[in-house]
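Let's walk through this one together, from sheets to helices. Keep the structure open while you read.

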Amino acid sequence: MDLTYTEEEEAFRARLREWLDLSLPKLSARPDPLDWPGRRAYDTTWQRMLYDAGYADVHWDASPTQRLIFLEETERAGAPYVGANFVGLLHAGPTIAAEGTAEQRERWLPPVLRGDEIWCQGFSEPDAGSDLASLRTKAVRDGDSYVVTGSKIWTSHAEVADWCELLVRTDPDAPRHRGISWLAMRMDAPGVTVRPLRTLAGSAEFAEVFLDEVRVPVANRVGEENDGWRVTMVTLSFERGTAFVGEVVACRRTLGELAAAARANGTWDDRVLRRGLGRLNAEFSALWRLIQWNVSESQKTGGVPGVGGSVFKLRYSHARQELYEAAAQILGPDAFDLDRQWAADRLSSLSYTIAAGTSQIQRNIVAERILGLPKGR
Amino acid sequence: MDFRLTDDQRALQRGVRELLAGRFGPEALRAAVDRGGTVDRELWRELGAAGFFSLRLPEAQGGAGLGLPEAVLVFEEAGRALLNGPLVATHVAAERSPEAAEGTCVVTCATQLRSLITHFAAADAALVIHGTGIRTRRPKDLPHTRPVRSMDPLTPLHRIPDGTPKAPPRPDTVLLTAAEQLGSAARTTDMAVRYAGEREQFGQPIGGFQAVKHLCAQMLVRTELARSAVYAAAITEDFTEIAGAKLLADEAAVRNARDCLQVHGGMGFTWEAEVHLHLKRAWLRGQMWLTAAEAEEIQADALASAL
């Protein structure tokens with residue numbers, strides 16, 4: 001058991017810190033959350049800066065420990081997270097890298113790394129959320145194209161995306177996991193309509209996407225026809241792995257700010273509130289150690305985080321919500337002022353027990369895949 | 001950075017688990033309950049011979065020269081097996097007493113549980129901790145103690161007179177107790193999962209029902225978070241981190257035992273099932289050395305002093 005970083009890793013951290021100190025001041029001010037074109041420009045500019053400095057592929061090629069250091073340091077420095085580049089860098093990109101042909105990798109991967117192209121995720125459907133394999137959007141072969149009809153939902157960044165990683169049903173008669181294919185679809189193709197969905201936090205974080213006889217070249221299929229489920233499973237585990245590293249660093253900072261606010265307004269003298277903050281501090285320290293545990297485990301599996309990510313996500317998503325409940329008690333009526341970051345963050349924390357698999361789905365995964373309990377009927 | 005156990009640490013963990021499985025299995029546990037939780041002197045000497053108490057002593061003093069991480073792994077196994085006796089106090093007393101190190105003497109502690117002392121009648125000595133220093137006293141130096149009926153059948157208790165000084169917690173005693181809690185939390189998770197996979201109702205194992213499945217999943221989540229905290233604190237030896245580890249390990253042990261009892265249904269509420277023994281000990285350890293309220297205050301102080 002060793003929690004110290006190697007000289008090489010510390011050198012990587014030092015170089016990164018130095019570069020962040022020099023580069024972050026060059027970045028323009030963070031755009032308004034409602035300004036999607038502004039957000040795209042901001043996120044892709046940052047990605048381009050990372051590319052030019054040689055950090056663009058840290059999510060793909062670096063060791064798990066280097067990636068941990070990268071996420072820790074960028075968050076600590078207040079740098080943007082992947083933002084609109086999320087699907088391309090952490091999902092579609094790794095999928096194409098693992099399962100695509102040489103031509104497909106050459107066509108799609110460099111623009112993702114340079115920040116030139118934005119991807120969105122067309123997996124969920126109105127009737128197929130957690131039960132992803134029941135998706136119904138159909139793709140019918142017509143010459144060298146698929147003709148796609150159906151609809152997708154919860155599609156983050158759809159408004160500004162160039163490409164969509166799309167799961168479609170190519171064999172309606174096959175068992176439900178076996179008739180699915182993975183396609184790359186252009187978002188400006190005729191027949192694609194995007195309708196933004198307003199979240200309870202007030203912004204349009206995601207959209208519904210309607211597909212009306214959209215033609216997608218067969219050459220845009222990654223993996224074999226009807227093998228899309230396996231292709232997808234290769235990458236879904238990444239989403240549940242170390243994706244929250246930066247956020248745990250941010251929560252620990254937030255907790256410190258909250259303690260300062262409590263000391264300033266006198267609520268620190270309330271024993272229950274003070275101990276509640278103490279408890280959360282223990283919780284987030286332990287969550288950080290659990291990340292280090294998961295990263296160490298993933299080194300042995302070649303970087304695939306595995307089911308340990310579900311254990312982490314279950315505790316983290318609830319702890320994050322408790323953090324903002326504590327914030328609301330300390331801030332009192334000020335917690336209702338939407339111009340304050342606290343209020344917006346409190347609302348967005350509600351998504352964490354739902355997105356990327358609800359807590360109920362995560363508990364099934366833990367019970368069945370780690371503890372070996374029987375599949376339910 | 002590689003947080004995983006080394007091969008040597010795994011071997012140590014396996015060795016202790018096998019020793020305890022052979023020497024303190026279900027029958028020995030039952031016998032310990034029947035004799036009111038008094039220490040098995042022969043087992044105590046065997047533990048001493050295996051290095052349980054002298055683990056962290058330098059080799060020149062007959063120890064193994066190992067560190068807190070190794071001690072944590074050993075105490076986790078003790079907690080898993082529900083081994084009884086003042087293990088932490090005797091382990092700490094080994095610093096001063098060769099008899100404690102060898103397991104020929106049982107040392108309890110007068111300052112671990114405020115008004116109560118454990119295993120007083122059987123103890124050869126009682127540890128008094130002040131600051132980071134320790135001294136041992138003969139039991140006769142602690143007059144006016146009287147036995148109380150202990151809720152935990154494996155931990156006999158005596159009340160000590162008011163006014164006994166309350167020592168500030170010594171970090172290693174807190175962490176080793178947390179390690180025992182961790183072992184207990186892991187064990188009750190295993191027990192619940194095994195029972196849920198075997199017990200059938202409505203024509204299927206109850207572990208196939210989501211309500212039961214989710215109880216078991218939450219038990220694992222609590223255990224793994226506590227494990228990360230306990231192991232990391234053993235490496236850093238940072239007292240704030242140790243206090244956090246105790247807080248999370250107490251929670252994991254107590255709540256897992258409760259959930260394990262729930263999974264066992266009516267069987268869980270009987271004396272025959274092992275579950276109540278884990279719950280009662282977990283409650284008791286939760287009061288030992290450092291309480292949840294104290295741990296939360298230490299964490300809050302750390303937040304405030306970082307401002």
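Two strands pair if DSSP finds at least two bridges between them, and the strands themselves (E, at least two residues), like the helices (H or I, at least four residues), are DSSP runs numbered from the N terminus. Before we start, note that this is a predicted model, where local features need pLDDT of at least 70, side-chain atom pairs count only at pLDDT 80 or more, and totals for chains, interfaces and linings use all residues. Residues are numbered from 1 along each chain as its sequence is written, chains are lettered from A and ligands numbered from 1 in the order in which they are written, and side-chain values use heavy atoms, with hydrogens and water left out.

Start with chain B. Here 3 strands make an open sheet in the order 1-3-4, and the pairing is mixed. Strand 1 (107-109) and strand 4 (133-137) of chain B sit at the edges with a single partner strand each, so one side of each has no neighbour in the sheet. On average, neighbouring strands of this sheet are turned by 35° against each other, direction ignored; axes here are lines fitted to C-alpha atoms, for helices over the stretch in contact, and angles run from 0 to 180 degrees between N-to-C directions. Strand 3 (residues 125-130) of chain B pairs with strand 4 of chain B in the antiparallel sense over 5 bridges, and A126(B) has R137(B) in strand 4 of chain B as its bridge partner.

Chain B also has an open sheet of 3 strands in the order 2-6-5, with antiparallel pairing. Strand 2 (116-118) and strand 5 (146-148) of chain B are its edge strands, each pairing on one side only. Neighbouring strands of this sheet are turned by 40° against each other on average, direction ignored. Strand 5 of chain B runs antiparallel to strand 6 (residues 157-159) of chain B, joined by 3 bridges, and V148(B) stands opposite L157(B) in strand 6 of chain B.

Over to chain A. Strand 7 (residues 206-217) of chain A is joined by 9 bridges to strand 3 (residues 145-156) of chain A, and the two run antiparallel; V147(A) stands opposite R215(A) in strand 7 of chain A. Strand 7 of chain A is also joined to strand 6 (residues 192-197) of chain A, by 6 bridges and again antiparallel, with F206(A) as the bridge partner of L197(A).

Now the helices. Helix 1 (residues 7-23) and helix 3 (residues 64-76) of chain A pack at about 30°, their axes 10 Å apart. They are therefore roughly parallel (angles under 35 degrees count as roughly parallel, over 145 as roughly antiparallel, 65 to 115 as roughly perpendicular and the rest as oblique).

What is the angle between helix 7 (residues 245-265) of chain A and helix 8 (residues 271-300) of chain A? They pack at about 165°, with their axes 10 Å apart, which makes helix 7 of chain A roughly antiparallel to helix 8 of chain A. Residues that meet here include L255(A) and L258(A) in helix 7 of chain A, and F284(A) and W288(A) in helix 8 of chain A.

Notes: Contact means heavy atoms within 4.5 Å.
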